[in-house]
Amino acid sequence: MRITVQYETLLKRAAGTGSEVVDVDVDGPQDVRDVILQIAGRRGDPLQSLLVDAAGEVRSSVLIFIGDGQVSLSDSRPICEGDVLTLMSPISGG
């Protein structure tokens with residue numbers, strides 16, 4: 001299955017690109033968590049360290065959007081062919 005992944009904020013720099021088309025391995029429906037772990041595993045550091053914690057879980061601080069809607073890691077909506085997945089690290093400051 002092919003999806004587009006857009007990286008924003010610090011993730012853009014770590015990925016070395018703002019956007020890419022990714023072939024996701026599919027053995028049944030893939031949820032957001034599974035897809036992010038696949039992407040992080042393929043890309044390695046430094047992107048992986050920003051997306052995945054020491055326990056191998058997606059960091060809860062990562063902001064995730066499918067299309068125009070924000071989703072959470074517990075969202076059961078599967079990723080579908082042609083979806084646009086946007087990943088963003090939180091921004092802080094004043």
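The paragraphs below go through a predicted model of one chain, from its overall build to single residues.

The chain contains 3 helices and 5 strands. Read from the N terminus, the order of these elements is β-α-β-α-α-β-β-β. The radius of gyration is 12 Å, close to the 12 Å that the globule rule gives for 94 residues, so the chain is as compact as a globular protein of that length. Along the principal axes, the C-alpha atoms fill a box of roughly 40 × 25 × 25 Å.

Of the 94 residues in the chain, 32% are buried. The chain exposes about 5,200 Å², and carbon and sulfur atoms supply 49% of that area. Its charged side chains comprise 8 positive and 14 negative ones, and the centres of the two sets lie 7 Å apart. Contacts can also be sorted by distance along the sequence: among those between residues at least 6 apart, 50% join residues at least 24 apart.

Strand β1 has pairing partners elsewhere in the chain. With strand β2 (residues 19–23), β1 pairs in the antiparallel sense over 5 bridges. Within this pairing, R2 stands opposite D23 in β2. With strand β5 (residues 84–88), β1 runs parallel, and 5 bridges join the two. On that side, Q6 stands opposite T86 in β5.

Two residues of β1 show the two faces in detail. I3 lies in this strand, and because its relative accessibility is 1%, under the 20% limit, I3 counts as buried. Leaving aside neighbours within four places in sequence, I3 is in contact with E20, V21, V22, V24, V35, I79, C80, G82, D83 and L85. For one of these, E20, the separation from I3 is 17 residues along the chain and 8.5 Å between C-alpha atoms.

E8 also lies in strand β1. Its relative accessible area is 28%, so E8 is partly exposed, falling between the 20% and 50% limits. Not counting residues up to four places away in sequence, E8 touches T86, L87, M88 and S89. E8 and T86 are 78 residues apart in sequence, yet their C-alpha atoms are 7.4 Å apart in space.

Two features of the backbone remain. T9 has a phi near 50°, a positive value in a residue other than glycine. This residue is in helix α1, which spans residues 9–15. With a relative accessibility of 29%, T9 counts as partly exposed. The other feature is a cis peptide bond that joins D45 and P46, with omega at about 10°. P46 is placed in the loop between α2 (32–43) and α3 (47–51).

Definitions and conventions
Residues numbered from 1 in each chain as written. Predicted model: local features only at pLDDT ≥ 70, side-chain atom pairs only at ≥ 80, totals over all residues. Heavy atoms only, no water. Helix = DSSP H or I, 4+ residues; strand = E, 2+ residues; numbered from the N terminus. Rg over C-alpha atoms; globule rule 2.2 N^0.38 Å. Buried < 20%, exposed > 50% of the residue type's maximum accessible area, 1.4 Å probe, protein only. Contact = heavy atoms within 4.5 Å. Areas by Shrake-Rupley, 256 points an atom, 1.4 Å probe, with all protein chains shown as cover. Lys, Arg positive; Asp, Glu negative; His and termini not counted. Charge placed at Lys NZ, Arg CZ, Asp CG, Glu CD. Pairing = 2+ DSSP bridges.
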